[in-house]
Protein chains: 2
Amino acid sequence: MKEIVYLNGQFLPRSEARISPDDRGFIFADGIYEVIKYYGGKPFRFGDHILRLKRSLGEIGLSFDAGGLKEIFEGLLAKNGLGNTQAGVYLQITRGAEKRVHYFPVGINPTVYAFAFDFPSSKEKLEKGVGVITHEDIRWHRCDIKSVSLLPNTMLYNKAVEVGAGECILIRNGFVTEATHSSVLGVKGGKLLAHPLTNLVLPGITRIVIKEICESSQVEFAERAFTKDELYAMDEIIIAGTGSEIMPATSADGNKIGDGKPGPLTKLIQDKFFELTR
Amino acid sequence: MKEIVYLNGQFLPRSEARISPDDRGFIFADGIYEVIKYYGGKPFRFGDHILRLKRSLGEIGLSFDAGGLKEIFEGLLAKNGLGNTQAGVYLQITRGAEKRVHYFPVGINPTVYAFAFDFPSSKEKLEKGVGVITHEDIRWHRCDIKSVSLLPNTMLYNKAVEVGAGECILIRNGFVTEATHSSVLGVKGGKLLAHPLTNLVLPGITRIVIKEICESSQVEFAERAFTKDELYAMDEIIIAGTGSEIMPATSADGNKIGDGKPGPLTKLIQDKFFELTR
């Protein structure tokens, strides 16, 4: 089946989707994105994703009317036969094409690109967990903005892939912030820990869901940064994200986490998360 | 006259140049660029630019044969009637188009985009100087790589433009690093100061030229970071770059620098620079 994508008001075959190389998304990474997961045709936390999208757009001063996105996404799922499965929708909005100037030009049309893709859960990894590595967090200081300025994320994730690890956890000034494309939560003494929602981390939507699960399950959720040594000494580590879902990390830099198997709190949260999504 | 650009082996009208929105330059800012200035058809410090390009490519693990670039650039100048003027050539190389994965896919063709543009010196500004502002340096920690992951640079430069300033000087942990798209040098007591060439600044080619001018003019050039307060107290400030050339900054955050006019060392370096380029 021919893949159909969405570009600037049109559904068209992927091979025909073309943009100008003068697009500021290409020249300056001057754009924002979101990835939304659909479970059997139903979007998970659609409102939260749109809210975050609008916030990101606002932070970089990009005007865009987010109305109509739901219909576009549903169109993509339908046209690609992804309406009854686990599917992702990728959306990117850039400031548009214009003569190369470092400031923000006004009066140009944003570029809107979206596509849907098969996005199954990583069953085996969710059950058995993955090993992760750590690296200094070399990213910019506005990681709360979900921008396409992602070269550092790809460089660092690539380091994980090179050694067969599932993610690369980032350390800024000694403290765990998040991972290259997911949130990081630690479990210690029955309590969940995560970096406070500052400019150094993305406000992860799966993380919000985890916090809600904790609240309804009488599990303490503390926003407190923890060090790399504390990471190694966690009872459990959770890698959380739209793609990762609730992924156990069972080793970090070769150090076994807990007994090296997904722990009870991770499993509890996984179960509750699957109830919400399946 | 129709603008002619270069894209992946072809010279073609700008309006016909099109890339895939799946290009990793668009999706991940996974690419490198250079801007070279031609004075009357002659490239200035071509070898240094190519050397830096190769280094940047190497640092992000992007294989690309830089041979043949000179001919492409000369073709662009000729086809656009820019052979006898001050012209710039912009070159961007990205990892190419591929299914969206955070790691570096192998075996795909890089995208190569280049265009030439009219690039006159800003005569009046070079004579009178510009006012600059400062802002916290929120960029990533590999500013030595000339990548297209430039959203922070555009956000920060935009702040300068909003208040009519000529550049935005960046402050990391209290120290001046560089500006959004130029190097920053201070003059104090007849000596030039610039941030050491670490991961936090781009090795500016105009800066190299300034250093050489200092050496041949018996002016001390010290690689030493200086604070924002030291910046305000400089006798002179130079904003240096391929586009800025040797630009005097005569005020910083509204504080007059020296007597508020371009100083003698700036003028000396300007003169020597113009001798080299004109």
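**Close-up views of the two-chain model**

View 1. Across the interface of chain B and chain A, 19 residue pairs are found in polar contact, both residues of each pair being at pLDDT 80 or more, and the model in which they are found is a predicted one. The elements of chain B that give two or more residues to the side touching chain A are α1 (24–28), β3 (31–39), β5 (86–94), β6 (111–118) and α5 (151–162). Of these, α5(B) gives the most to that side, with seven residues. Two salt bridges are counted between chain B and chain A; Arg14(B) forms a salt bridge with Asp22(A), in which the closest N and O atoms are 2.7 Å apart.

**View 2. The contact surface and how the copies are related.** The contact takes 51 residues from chain B and 51 residues from chain A, and the area buried between chain B and chain A is about 4,300 Å², with carbon and sulfur atoms giving 68% of it. In chain B, the residues that lose the most area to chain A are Phe26(B), His102(B) and Leu151(B), which together account for 17% of what that side buries. Because 100% of the interface residues of chain B are also interface residues in chain A, the copies meet through the same surface. Chain B is superposed on chain A by a rotation of 180° with 0.0 Å of shift along its axis, at an RMSD of 0.0 Å, and the two copies are thus related as by a two-fold rotation axis.

**View 3. Helix α6 of chain A.** The twelve residues of helix α6 (residues 205–216) of chain A should span 16 Å at 1.5 Å a residue, and its end C-alpha atoms are 17 Å apart, which agrees. Buried residues in α6(A) include Ile205(A), Val209(A), Ile210(A) and Ile213(A), and α6(A) is followed by Gln218(A), whose phi is positive, near 55°.

Note on methods: Residues numbered from 1 in each chain as written. Chains lettered and ligands numbered in written order. Predicted model: local features only at pLDDT ≥ 70, side-chain atom pairs only at ≥ 80, totals over all residues. Heavy atoms only, no water. Helix = DSSP H or I, 4+ residues; strand = E, 2+ residues; numbered from the N terminus. Expected span 1.5 Å × (residues − 1). Buried < 20%, exposed > 50% of the residue type's maximum accessible area, 1.4 Å probe, protein only. Least-squares fit on C-alpha atoms with pLDDT ≥ 70 in both. Contact = heavy atoms within 4.5 Å. Buried area = accessible area lost by both parts, 1.4 Å probe. Salt bridge = Lys/Arg side-chain N within 4 Å of Asp/Glu carboxyl O. Polar contact = N/O pair within 3.5 Å; in protein donor to acceptor, adjacent residues only side chain to side chain.
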